[in-house]
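Dear colleague,

I am passing a structure on to you, and below it you will find notes on what turned up in it. Please read them with the structure open beside you.

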Amino acid sequence: MTDTHVTKRPLTLLGTGDMGTALARTWLAAGHPLTVWNRTAAKAAALAPEGAAVAAGPAEAVAAHTLVVLCLLDDASIGAALEGIDLTGKDIVNLTTGTPAEGRTRAAWAEERGARFVDAGIMATPDMIGAPGSGAYVFYSGSRALFDTHRAALEVPAVARFVGEDPGHAALHDVALLSAMYGMFAGVSHAYALIEGEGIAPGDLAPLLSEWLGAMGFFVGNAAERLSSRDFTGGVVSNLAMQVASSGTLLRTAAGQGVSPELIKPYLDLMRERLEADPAAHAGEDTVGALTLLRRQGLPAKAGLPG
Ligand code: FVH
């Protein structure tokens, strides 16, 4: 006879807002003993019928289990919730969105209190959590030992991707992807604004936009290769001089349609700045060369990235 009984790791979750509740439900459904606490008690109590133990306060919740997951609004709410609570021997996984600096500072704060710490960045909305095939995943960084110990539990709500022992790197990956997303949102918003009032339905433009953005997706890998090699001229198919010249068409069209260029102009300006700095050197480049201007003097620069 084989023993098929597998003990599911118990854990504590602080924060049962929209995301915390979605996470909690997946752990409960998977059979993990779960203790929850939320500042507004009713939101935690709502999980009791599904099997959650509801703690009266954050200290009781933290004391209940070694693995303590945080899903609070922001870094300040972590300080507020955990103020004065004994964290000795705890394994803290912080799913609260924050900056890389907050992740590093919070890791040092936790370690000073005798805890291991992993920071995280959730690449999903609550409805994607625990939904197979939704594409949901979570970046983790910090203590590799903690991550390895708890990986099975962390994989329950969404795929887990460990991105290094620097506790700031999960947030950095999270923010990098979100920043690219907002750039894409900005371009799409500008496109819809251009056609508004012209008798072209947004729904007619939508498939064309999706198809075009998919075709232009090569930029992601192309930019990575050029930034690594610092080769901005090899194999260029659309050179900077041509793109700067045609950017005037984009701006004049926006003006003609009565649309503010504010969402696309910064990128067009950056291309022009790169070209005007040294037309002979940069005219034949890909637009990726313009990205070297983003790290401005006076801003903290990352060592090892040449200009
Ligand atoms: N929801 C989403 O789409 C995104 C997806 C990507 C990741 N984010 C981040 O997840 C964190 C939690 O987000 P959420 O969606 O659960 O947010 P809320 O529903 O607003 O819940 C916030 C919880 O934080 C508690 N809280 C706020 N301030 C404090 C405090 N000072 N002390 C203790 N707890 C605090 C709040 O409690 P209450 O208002 O119910 O009493 C909620 O439990 C977040 O970092 C997102 O950026 C979600």
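Buried area here is the accessible area, taken with a 1.4 Å probe, that two parts lose on being put together, summed over both. The model is a predicted one, in which local features need pLDDT of at least 70 and side-chain atom pairs count only at pLDDT 80 or more, while totals for chains, interfaces and linings use all residues. Residues are numbered from 1 along each chain as its sequence is written, and side-chain values use heavy atoms, with hydrogens and water left out.

An automatic or database domain assignment gives domain 1 (6-168) and domain 2 (172-294), and the centres of the two, taken over C-alpha atoms, are 38 Å apart. Between them, domain 1 and domain 2 bury about 610 Å², of which 71% lies on carbon and sulfur atoms. Of the area that domain 1 buries against domain 2, Pro 100, Met 123 and Phe 139 supply 50%, more than any other three residues. Counting contact as heavy atoms within 4.5 Å, ten residues of domain 1 touch six residues of domain 2. The interface has zero salt bridges, a salt bridge being a side-chain nitrogen of Lys or Arg within 4 Å of a carboxyl oxygen of Asp or Glu.

With kind regards
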